[in-house]
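Hi,

Here's the structure I said I'd pass along.

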Amino acid sequence: MFVAYASVFDIMTKIAIEQFEFTKYNFGNYRKMKSADTIYKKSLNNIDPSLKTEGMLFSEPPIIRKIGTFRNEFVHNGPWDLRCSVYNTAVDGKPADVIIYSPDMDEIGNIISSGSRNKFYSQANRINIQLPNMIQEATTVLKNTIE
């Protein structure tokens with residue numbers, strides 16, 4: 001999910017650049033367009049400034065940063081832990097809940113680290129509980145940007 005959404009952010013970036021610089025392009029030579037090697041980042045200058053309004057993709061709301069952080073962590077460093085675990089809890093000896101923890105994050109969506117240790121789980125972030133809301137929130141940001 002995180003890799004797929006990050007790819008959507010990249011596609012939206014290309015569209016935003018092409019839309020803003022539409023008159024500069026020769027569509028007969030599409031491969032040479034300026035957006036060919038561009039990926040999503042907050043600091044783009046060659047997009048419509050209105051796309052940096054709060055709640056839009058290029059204002060980088062915390063949900064967008066969080067998805068990007070998870071994507072980068074997964075792609076560059078593999079899974080959150082080498083021994084990822086799904087925890088099955090019980091209440092009075094009966095199955096109660098399934099828990100998948102994700103690393104602690106700060107308020108803007110970066111994984112909290114300290115020295116050589118880059119993952120902590122003290123916040124008890126349950127990705128299996130958070131994921132539906134994350135998808136909904138990110139989809140709303142993308143929809144706002146498109147509109």
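Keep in mind that this is a predicted model. I started with the inside. The largest nonpolar core contains 23 residues, and the ones with the most contacts inside it are Phe 9, Leu 57, Phe 58, Ile 64 and Ile 67. Helices α1 (2-20), α2 and α3 (127-146) each contribute at least two residues to this core, and α1 gives the largest share, with 6 residues.

Leaving aside residues up to four places away in sequence, Phe 9 touches Tyr 40, Leu 57, Ile 64, Ile 67 and Leu 142.

Now for the outside. Val 3, Phe 74 and Val 75 make up a nonpolar patch on the surface, and together they have about 260 Å² of accessible area. Val 75 sits in helix α2 (residues 62-77). Why does Val 75 count as partly exposed? Because its relative accessible area is 41%, which falls between the 20% limit for buried and the 50% limit for exposed.

Last, the strands. β1 (residues 87-91) and β2 (residues 94-99) run antiparallel and are joined by 4 bridges.

Cheers

How values were computed
Residues numbered from 1 in each chain as written. Predicted model: local features only at pLDDT ≥ 70, side-chain atom pairs only at ≥ 80, totals over all residues. Heavy atoms only, no water. Patch = residues over 30% accessible without salt bridge, like charges linked within 9 Å, V, L, I, M, F, W, Y side chains within 5 Å. Areas by Shrake-Rupley, 256 points an atom, 1.4 Å probe, with all protein chains shown as cover. Salt bridge = Lys/Arg side-chain N within 4 Å of Asp/Glu carboxyl O. Buried < 20%, exposed > 50% of the residue type's maximum accessible area, 1.4 Å probe, protein only. Pairing = 2+ DSSP bridges. Core = buried A, V, L, I, M, F, W, Y, C linked by side-chain atoms within 4.5 Å. Contact = heavy atoms within 4.5 Å.
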